[in-house]
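Please find below a short note on the model under review.

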Amino acid sequence: MSQKIEETPKKFYLVLQNVSKRYGGVVALEGVDFTIFPGEVHGLVGENGSGKSTLVKIITGVVRPEKGAEIEVNGQKVEINNPFDAFRLGIHVVHQDLSLFPNLSVAENILSHRYLEKTQKLINWRDLKAEATRVMDRLGVDIDPETEVNHLSVADQQLVAILRAIASEARLIILDEPTSSLTRREVNRLFAFIHELQARNISFLFISHRLDEVLEISERVTVFRDGKKIGTFQQKELDKKRLSFLMTGKEISSRPSSVRDLSQKEEIMRVENLTKKGHYEKVSFSLYQGEILGLIGPRGSGRTELALTIFGLNPPDEGKIYFEGQSQMIDSNQVAINLGIGYVPENRLIQGLVLDHSVEDNLVITVLCQIIKGMGLVDLQKKKAVAEKAVQEFNIKTESVELPVKTLSGGNQQKVVLAKWILTSPRLLILDTPTHGVDVAAKESIYQSIRELSQRNLSLIFISDEEIEVLNNCDRILVMKNGQIVGEFFPSETSEEELRKIILQ
Amino acid sequence: MIGREAYLVNKKIFQQTEFYLGIIIVALSFFLTLINPKFLTLENWFDMLRSNTFLGILALGELVVLISGGIDVSFTATATIAQYIMGLIITTYYIDNVLVAFLIPIPIGIALGAINGVLVYYTKVHPVIITISTLNAFFGFLMFFSGGKWIYNFPPSFRSFSRLQVFSLVNARGVQYGFSIFILLWIILAIFTWMILKYFPIGRKIYAVGGNLEAARRAGFNIFRIQLFVYCFMGALAGLASFVNASLNQMIQPNSLVGGELDILAAAILGGASVFGGSGSAGGAFLGVLLIAIIKNGLILMKASAYWHEVIMGAIIVAAAGISAYQQKAKAKREGEILVQ
C-alpha cells in the first residue's frame with residue numbers, strides 16, 4: 001500500500017499535513033495528509049459524510065482547519081483563510097451545479113473574474129469576446145462566445161465552467177461530480193479536455209460517485225471513510241470492486257439477479273407504434289406482471305419523453321397503449337394514476353421522505369384522499385390505522401408511528417419509502433434514473449427495494465444510465481437511441497460491452 | 001431533454017421582447033389614430049410623454065431592482081417623503097433656486113433606499129415583504145409628521161421651471177405646445193440606466209446576481225454592495241421622479257402617490273424584466289411605459305370610464321407576469337426539468 005509516496009515535497013503542487021476539522025463535538029476530518037502533483041488528475045472518493053467535502057472546503061478556504069494543520073502550495077507554506085486566498089493561489093472549484101450565470105454570455109461567464117478587479121473600467125464588449133475566443137481557441141473549444149449560457153447543453157456548460165477557472169489562472173481545478181449529467185460521449189470529450197489541460201501542468205481533483213470513471217481518469221485515488229483517509233492509491237492498484245470495498249469497508253455483492261421465468265406471467269401493458277414527433281418514433285414493447293424492464297439509452301434518446309407519455313404528461317401523436325388488455329387514452333397524469341401507473345422522477349425514490357415528520361405522516365402522504373372523512377378533514381384514527389398496518393406488513397422497525405422518520409435506520413427509512421408507494425396500490429411504477437448521483441451503498445439499497453417491489457407483483461420500468469445496473473437488476477432490457485428502440489435483450493444474453501457499443505455507435 | 005437545436009431557438013430573448021413591444025405600440029397607435037386622428041399628433045405625444053415622466057423614471061429604477069432578482073414596492077412612499085421634505089424646505093425658507101430643489105430629494109431617496117438594501121441583505125426576508133413593510137412604515141411616519149397637509153405656493157423659479165421646454169411648436173389653433181424638459185430628463189436617465197447596465201461592471205454584476213445568486217457569491221462578488229446599490233439607485237430615481245411630480249403638479253399631497261406601485265411594476269415587467277430576476281433592459285422598460293401611456297391615452301380618447309383604466313392595468317399585470325412565468329416554465333422544459341405534479 002502506497003500510503004506514503006517517497007518524493008521530495010518540492011515536487012508537489014499541493015501538500016496538506018495533519019488536517020482536521022471538528023464541527024462542535026463531531027469530527028468531520030481527522031489528521032489527514034494529502035498531496036497533489038502538478039498536472040496530476042487525482043481521484044477523490046468516499047460515501048456521503050466521509051469527509052471529502054470537508055477536505056474540499058478546507059482547500060478552498062470555505063472553512064478553516066483545526067490548529068496543527070499545515071498547507072503548502074508550490075513549496076510555500078500558506079494559509080487559506082477564505083475563498084479569495086484560494087483563488088489567488090490558483091485553486092478553483094467547478095461545483096456540481098456549475099455555478100454559471102445562465103443569463104450571461106459564454107464570454108462574460110469565462111471572464112467574470114474581471115468584474116472583481118479594483119479598477120472599474122467600462123466594459124469593452126469586443127475585447128471581452130476576443131479574449132474569451134482566445135482562451136477557447138488555445139484549448140480547442142468551439143463555442144459561440146456570444147451565446148447565453150442557458151442555451152448550451154450541460155456538457156458545453158461544463159466546459160465553460162472549466163474555461164472560467166483557466167481564464168483566471170487556475171493551477172488546481174476541483175471537479176465536483178462533473179459527469180453526473182453527461183452522456184458517455186460527453187464524458188469522453190470532457191476527459192480529453194482534462195488531458196489537454198493536464199499537459200499544461202494543470203492539476204485536477206476529480207470527485208465522483210462513478211467509480212469506473214474515477215479509475216479511468218485518475219493517476220492516483222484517495223479514499224475517505226468516516227472522516228479518515230483510508231489511503232492514496234495508484235490507479236493501477238485498484239479496480240472498481242476494491243475501490244467500493246475501501247469506501248464502505250464492506251464487500252458489496254452487486255451480483256446479477258437470479259434469472260426469473262416470466263413467460264407464464266400476464267402482460268400488463270403493451271405499447272404499439274407509439275410516435276411523438278421530435279421525441280420518439282414507432283415505439284412498441286410489452287411489459288409483464290412483476291417484470292423489471294430496463295430502459296437504457298443516452299440522455300436525449302427519448303426515454304424520459306416515452307416514460308412521461310405512459311404517465312399521461314406527454315400525449316403521443318400516434319400509436320396505442322393497452323393497459324391490462326384495454327386500449328387506453330392516457331391523456332393526463334390523473335388518468336395514469338387511476339389506472340395504477342406511477343412515475344418517480346430522478347432521486348425521488350430516496351428523497352421522497354420528509355425526515356422531520358413522523359413515520360405516519362410520511363406513509364399516508366400518497367393516500368391522503370383515502371383517509372378523508374366529511375368536510376374534507378383527515379380522519380386521524382384511520383390515518384393511524386393505515387400507517388400501523390403498513391409498519392406491520394413491511395416490518396418497519398420503529399417504536400411508534402409518531403416518531404420522526406429521521407430516527408429510523410437507513411434501511412427502515414427505505415422501507416417507509418417503499419410502503420408509501422405500495423399503499424397507492426400501483427400496477428406499474430416508472431423509475432427515472434433512481435440511482436443518479438447516489439453512492440455505492442445507497443445504490444445497493446435501491447436495487448434491493450426495486451426487487452422487493454417486483455416480488456409484490458408490481459411491474460417496473462427502470463430507466464438508467466448505467467449498463468451494469470440494468471444487467472444486474474432487470475429481467476429484460478430495452479435500448480433506446482434517437483427516439484427508437486434499437487435493441488431488446490435478456491441480461492443473460494448480453495454483456496456490458498455489447499450494450500455500451502450499441503449505445504455509443 | 002429534447003434535442004440540442006431547441007436550445008438555440010430562443011436566442012436573444014431581450015431583443016425579442018422589445019421587438020414585440022414595438023410592434024404592439026405601432027399597431028395600437030394605428031388603431032387609435034383611426035378612432036381619433038388627434039392621437040397621432042406631436043402635441044398629444046409630447047403631452048402624453050410629459051405626464052408619464054414620473055412613471056417612466058420610476059420604472060427604470062424598478063427595472064434595475066428586478067434584474068437583480070429583487071423587487072421594490074416602497075418607492076411611492078420614498079418619493080412622497082423626498083418631495084415632501086423638499087417642499088417643506090423650499091417653501092419654509094423660500095429658496096428660489098430650482099437646482100437646490102432638484103438636489104434635495106435625491107439623497108433622501110438614496111437614504112431610504114439604503115434602508116431597504118440593508119434590510120433585504122441582512123434579514124434574507126423576501127424583498128416584497130421588506131418593501132411592503134417599509135412602504136407602510138415610511139408612509140406612516142410621513143402622515144404622522146405632516147398631518148397630511150398639502151404644500152403649494154412654491155417660489156416662482158420652481159413654477160417657471162415646470163413649463164420649460166426644450167423646443168416649442170404652435171398647433172393649428174395657435175396654441176403653443178412643446179417638448180418638456182422633463183421628457184428630456186427621462187430620456188437622459190434611460191440612457192444613463194442603459195449605460196450602467198451594459199457597460200459598467202456593477203451593471204453586469206446586477207445581471208449576474210439576478211441570474212444566479214449563489215454563483216455570484218462563489219465568484220467572490222460583494223452581494224451586499226450590489227444589493228445596496230440596486231435599492232439606493234431605486235431610491236435616487238424615486239427622489240428624482242418625486243421632483244418631477246411635484247413640479248408638474250405644483251402641489252405636494254402626501255397621499256397622492258402611494259397606491260400607484262403596480263403601474264410601475266407593470267411597465268417594467270411588460271418591458272421584459274422578469275420577476276425571477278436576471279433579465280430586462282432599459283429600452284424595454286422605456287417601451288413598457290410608453291405602451292401603458294398609450295393605453296391610458298387611448299382610453300381617454302375613447303372616452304372610457306376611469307374605472308376601465310384600473311381594469312385594464314390589472315389585466316396587463318396579470319398578462320405580463322403570466323407570460324414571464326410561462327417563459328420561465330418553457331425554459332425549464334427546454335432544460336429537461338419536466339416537472340411532475
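1. How many bridges join strand S4 (residues 70-73) of chain A to S5(A)? Three do, and the two strands run antiparallel. One bridge partner pair is A:Ile71 with A:Val78 of S5(A). Strands are DSSP runs of E of at least two residues, helices runs of H or I of at least four, numbered from the N terminus; strands pair if DSSP finds at least two bridges between them.

2. This is a predicted model, in which local features need pLDDT of at least 70 and side-chain atom pairs pLDDT 80 or more, while totals for chains, interfaces and linings use all residues. Residues are numbered from 1 along each chain as its sequence is written, with chains lettered from A and ligands numbered from 1 in the order written.

3. In chain A, four strands form an open sheet in the order S2-S1-S4-S5, paired antiparallel. Strand S2 (26-36) and strand S5 (76-78) of chain A are at the edges with a single partner strand each, so one side of each lacks a neighbour in the sheet.

4. Just after H15(A), A:Asn457 has a positive phi of about 70°.
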